[in-house]
Amino acid sequence: MNNIAVNALSDKLLALIRRRSGHAYTLGYILGKLKCTNKELALAVKLLRQSGYKVSRTKKGTIAFTSAPDFLYANEIYHGLTTKFMGRIVHAYKKVQSTNTIASQLASADAPEGTIVIAEEQTRGRGRLGRQWYSTEGFGIYLSMIVYPKIDPMHAPGLSILTAVSLADTISGYDDLDVKIKWPNDCLINGRKVAGILTELSSDLDHVHRAVIGIGININHRRRDFPEDIRKRATSLRAEMKETIHRVEFLQSFLRHFEKDYVAFRKNGLMAFRKRIIDYSLLIGNRITLDYKGTRFTGKAIDIHETGGLILELPEGNRVFTAGEVTVVKA
Ligand code: BTN
């Protein structure tokens, strides 16, 4: 049997035995259902075990499913996913340079909306402003989502903010964590960054053709797992909650939140989220400095604009900023 056939068989076996976790399925039942030989079945069990699944076999030949690994396999992401279109097509990799690069290529080839690209590790994870996103194997979620939002490019910053709100909702579902959004694209817990968003677009002057929303989430890092230069500024869900988080469940929950929010965003725009944005905002209501194109502006952040820009109250009047590096001024 070739690799593809073994893979397909082990997928079928997994789907069959995980219907009732812990149940001992007889050999006759499984062979009959899968229409395979004993030897092929043994290969499929071996493959599942090599992939981290706990599958038990008795002398009589019964087979039972015990547990699945917390790896970001397409199969695991589909299992129990309740979305309509987000994450219904998954491209899962062990190691890539950047999931955003792969997602952009897929989007140019018209991959369906909601397609996601995910990796256990990135060697050139990209952050905003040309920075690098630290993406070691196994600890985080490195995700890119393909969407076709039919919006004016002016409103594109709203996509990152919307994503930050869905992420904040997902995170605060865990242990009532106090999550804040630092405009335009960071999620923070206790002042440290837990997730970042990098939205990349293909557009012309009046409409967005496609968008790739890239998200890096620090999930199971311990403090010492972060490189020294970011250790003081970064955190993870595990570091905050003192327990390991199931990454696949987190991802499924996030995709559910995001799908609901994205559908509402397409229908009603960003202002439908204004209250949630303000509630989560680290900046609105505070005096801040904003560095934009070499100039520093100091003023009070007063609101979010319908385009996703930040409205600053400056001595010369209110101004909407669409980008910039922001710091809260300590009183
Ligand atoms: C930032 O805070 O600067 C944004 C970080 C975005 C990182 C994610 S990880 C998945 C996706 N692929 C990338 O190369 N970057 C984004």
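How do the residues of the lining of the second largest pocket divide into nonpolar, polar and charged? The structure is a predicted model, in which local features need pLDDT of at least 70, side-chain atom pairs count only at pLDDT 80 or more, and totals for chains, interfaces and linings use all residues. Residues are numbered from 1 along each chain as its sequence is written, and side-chain values use heavy atoms, without hydrogens and water.

The lining in question comprises 10 nonpolar, 5 polar and 4 charged residues; Ala, Val, Leu, Ile, Met, Phe, Trp, Tyr, Cys and Pro count as nonpolar, Asp, Glu, Lys and Arg as charged, and the others, Gly among them, as polar. A pocket is an open set of points on a 1 Å grid over the protein atoms alone, where a 1.4 Å probe fits, with protein on both sides within 12 Å along at least five of seven lines; lining residues have an atom within 4 Å of a point. Of the 19 residues that line the second largest pocket, S51, F71, L72, Y73 and A74 lie nearest its centre. Helix 1 gives the largest share of this lining, 4 residues; helices (H or I, at least four residues) and strands (E, at least two) are DSSP runs, numbered from the N terminus.

The largest pocket is lined by 41 residues, and R131, W133, D186, K193 and R233 lie nearest its centre. Its lining divides into 17 nonpolar, 14 polar and 10 charged residues. Strand 8 supplies the largest share, 5 residues.
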